[in-house]
Amino acid sequence: MTESIVVLNTCATEADAERLARALVEARLAACASIVPGLRSFYHWHGAIEESAECLLVIKSSRDLFPALQIAIEKLHSYAVPEILALPVVAGSENYLNWLKSGMRSPLDPPVEVAPPQPEIAE
């Protein structure tokens with residue numbers, strides 16, 4: 001077992017996924033975030049079965065950073081209840097796992113404030 005995790009998160013649009021991915025990588029809460037477009041989700045919501053077109057965000061991070069990552073996703077996400085599922089990385093290539101680690105902040109670093117996006121102003 002490694003300290004690395006893969007966090008799954010669905011977003012309503014590719015633009016939402018890109019905004020979230022950039023914010024998490026810029027804050028070094030994730031070493032990498034990959035967007036998988038073309039997802040169709042079926043789920044229960046407010047007593048009905050819903051269907052939505054979504055994008056899947058695959059976030060590569062670490063167990064130690066998960067609490068801060070979760071807070072950032074909940075702050076920035078457009079959904080009232082965003083999907084945030086962390087899966088353990090049981091094994092991986094040593095070079096890739098070292099690269100992941102080098103791309104993330106240390107849990108001992110000062111907390112990072114992830115600001116919600118500012119609305120665009122039309123000129």
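A: Helices (H or I, at least four residues) and strands (E, at least two) are DSSP runs, numbered from the N terminus. This is a predicted model, in which local features need pLDDT of at least 70 and side-chain atom pairs count only at pLDDT 80 or more, while totals for chains, interfaces and linings use all residues. Residues are numbered from 1 along each chain as its sequence is written, and side-chain values use heavy atoms, with hydrogens and water left out.

Q: How many helices and strands are there in the protein chain, and which pattern does the chain follow along the sequence?

A: The protein chain has three helices and four strands. Read along the sequence, the pattern is β-α-β-β-α-β-α.

Q: In what order do the strands stand in the sheet?

A: Two strands pair if DSSP finds at least two bridges between them. Here four strands form an open sheet in the order β2-β3-β1-β4, with antiparallel pairing. At the edges stand β2 (32–45) and β4 (85–88); each has a single partner strand, so one side of each is left without a neighbour in the sheet. On average, neighbouring strands of this sheet are turned by 30° against each other, direction ignored; axes are lines fitted to C-alpha atoms, for helices over the stretch in contact, and angles run from 0 to 180 degrees between N-to-C directions.

Q: How many bridges join β1 to β3, and which residue stands opposite N9?

A: The antiparallel strands β1 and β3 are joined by eight bridges, and N9 stands opposite L57 in β3. On β4, strand β1 (residues 4–11) pairs over four bridges, again in the antiparallel sense; L8 stands opposite L85 there. Strands β2 and β3 pair over 12 bridges, also antiparallel, and the bridge partner of H44 in β3 is I49.

Q: What do β2 and β3 form together?

A: They form a hairpin with two residues between the strands. Most residues other than glycine have a negative phi. H46, however, has a positive phi near 55° and is not glycine; H46 lies in the loop between β2 and β3. At 70% relative accessibility, H46 counts as exposed, given that buried means under 20% relative accessible area, exposed over 50% and partly exposed in between (1.4 Å probe, protein chains only).

Q: Where is R28 placed, and is R28 exposed or partly exposed?

A: R28 sits in the loop between α1 and β2 and is partly exposed, with a relative accessible area of 38%. R28 is not a glycine, yet has a positive phi of about 60°.

Q: Which strands does helix α1 lie across?

A: Contact means heavy atoms within 4.5 Å. Helix α1 (residues 14–26) lies across β1, β2 and β3 (48–62), and runs at about 130° to β2.

Q: Which residues have the most contacts inside the largest nonpolar core?

A: A nonpolar core is a set of buried Ala, Val, Leu, Ile, Met, Phe, Trp, Tyr and Cys residues joined through side-chain atoms within 4.5 Å. The largest one has 28 residues, and V7, L24, L29, I59 and I73 have the most contacts inside it. Two or more residues of this core come from each of β1, α1, β3, α2 (66–76) and α3 (94–102). In the protein chain, 36% of the 123 residues are buried.

Q: Which residues of α2 are buried, and what do they pack against?

A: In α2 the buried residues are F66, L69, A72, I73 and L76. They cover an arc of only 125° around the axis, which puts them on the same side of α2; the arc is that of the directions from the helix axis to the C-beta atoms. The buried residues of α2 pack against β1, α1, β3 and β4.

Q: How many aromatic pairs are there?

A: A pair of aromatic rings is described by the distance of the centres and the angle of the planes. Rings of Phe, Tyr and Trp (its six-membered ring) pair if their centres lie within 6.5 Å; planes under 30 degrees apart count as stacked, over 60 as edge-to-face and the rest as tilted. By this rule there is one aromatic pair. The ring centres of Y96 and W99 are 5.5 Å apart and the planes stand at 35°, so the pair is tilted. Y96 and W99 are three residues apart in helix α3, and thus separated by about one helical turn. Y96 is partly exposed, at 36% relative accessible area, and W99 is partly exposed at 42%.

Q: Which residues does M1 touch?

A: Not counting residues up to four places away in sequence, M1 touches R63, P88, V89 and V90. M1 belongs to the segment before β1 and counts as exposed, at 67% relative accessibility.
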